[in-house]
Amino acid sequence: MRYTIEDFAKGKFNYKNPQIHLSCERISLRVPEGGIGKGTFEIFTDTKEPISGRIYSDTTYINVNEKFSGESCEIGYSFDATKLEEGTSFEGKLAIICDCGEVQLAYNVTVTKMAVEENGLNIGDDFQLTN
């Protein structure tokens, strides 16, 4: 006990911060022109301890659940391409700031041609529709 008090007095603190983990290394999203693309990822720690924090996006086109809290947090996001044209691409990072530290999650979003879904398949042009 005496050594602990002396260590504190000298500014020596021994504590472990849990490591933040993400369910994906990068978000890659293809959104049809005029549409909205959605997805999720998970935030958790290596020690299964509860965490809480906030997420910030570097663009207004990505809407993300800003606050999170819990042992394992599923984060939903969406990309609004309603006013964007085909061929537009965005690259950036989501900043995840919590009581265990800060990490950044890179994303890449590409706006594609509007597709029609037929029997569970995305049809992007006339060739795919007829074959």
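# A chat about the fold, core and side-chain pairs

Biologist: How much of the chain contact is between residues 24 or more positions apart?
Modeller: This is a predicted model, to start with. Residues 24 or more positions apart account for 61% of the contacts in the protein with a separation of 6 or more.

Biologist: How many helices and strands are there?
Modeller: Two helices and 11 strands. The order from the N terminus is α-β-β-β-β-β-β-β-β-β-β-β-α.

Biologist: What share of the residues counts as buried?
Modeller: 31% of the 131 residues. The protein exposes about 9200 Å², and carbon and sulfur atoms supply 47% of that area.

Biologist: Which residues have the most contacts inside the largest nonpolar core?
Modeller: F41, I43, I55, F68, I75, F79 and L94. That core has 26 residues. Among the strands that each supply at least two of its residues are strand 3 (36-45), strand 4 (51-57), strand 7 (72-80) and strand 8 (89-98).

Biologist: Let's take F79. Buried or exposed?
Modeller: F79 counts as buried, at 1% relative accessibility. Leaving out residues up to four places away in sequence, F79 touches L29, V31, G35, I36, G37, Y61, I62, L84, F90, V109 and V111.

Biologist: On to the rings. How many aromatic pairs does the count come to?
Modeller: Four. One of them is F41 with Y77, a tilted pair at 6.1 Å centre to centre and 35 degrees between the planes. F41 is in strand 3 and Y77 in strand 7, 36 residues apart. Both F41 and Y77 are buried.

Biologist: And why is the pair of Y61 and F79 tilted?
Modeller: The planes of Y61 and F79 are at 35 degrees, so the pair is tilted. Their ring centres are 5.9 Å apart. Y61 lies in the loop between strand 4 and strand 5, and F79 in strand 7, so the pair ties together parts 18 residues apart in sequence.

Biologist: How accessible is Y61?
Modeller: Y61 is partly exposed, with a relative accessible area of 30%. Y61 also belongs to one aromatic cluster with F79 and F90.

Biologist: New topic. How many salt bridges does a search of the whole structure find?
Modeller: One. The side chains of E66 and R54 meet there, at 3.3 Å, N to O. E66 is in the loop between strand 5 and strand 6 (67-70), while R54 is in strand 4, 12 residues apart.

Biologist: Where do E66 and R54 stand on accessibility?
Modeller: E66 is partly exposed, at 43% relative accessible area. R54 is partly exposed too, at 29%.

Biologist: Back to strands. How do strand 4 and strand 8 run?
Modeller: Antiparallel, joined by five bridges. For instance, S57 has L94 in strand 8 as its bridge partner.

Biologist: What about strand 8 and strand 9?
Modeller: Strand 8 and strand 9 pair in the antiparallel sense over 10 bridges. They form a hairpin with two residues between them. A95 has Q104 in strand 9 as its bridge partner.

Biologist: Last one, E42. Where does E42 lie?
Modeller: In strand 3. At 32% relative accessibility, E42 counts as partly exposed.

Biologist: Which residues does E42 touch?
Modeller: H21, L22, S23, S72, C73 and E74, not counting residues up to four places away in sequence. E42 and E74 are 32 residues apart along the chain, yet their C-alpha atoms are separated by 4.4 Å.

Terms used. Residues are numbered from 1 along each chain as its sequence is written. This is a predicted model: local features need pLDDT of at least 70, side-chain atom pairs count only at pLDDT 80 or more; totals for chains, interfaces and linings use all residues. Side-chain values use heavy atoms; hydrogens and water are left out. A nonpolar core is a set of buried Ala, Val, Leu, Ile, Met, Phe, Trp, Tyr and Cys residues joined through side-chain atoms within 4.5 Å. Buried means under 20% relative accessible area, exposed over 50%, partly exposed in between (1.4 Å probe, protein chains only). Helices (H or I, at least four residues) and strands (E, at least two) are DSSP runs, numbered from the N terminus. Contact means heavy atoms within 4.5 Å. A salt bridge is a side-chain nitrogen of Lys or Arg within 4 Å of a carboxyl oxygen of Asp or Glu. Two strands pair if DSSP finds at least two bridges between them. Accessible areas come from the Shrake-Rupley method with a 1.4 Å probe; for residues, only the protein chains shown count as cover. Rings of Phe, Tyr and Trp (its six-membered ring) pair if their centres lie within 6.5 Å; planes under 30 degrees apart count as stacked, over 60 as edge-to-face and the rest as tilted.
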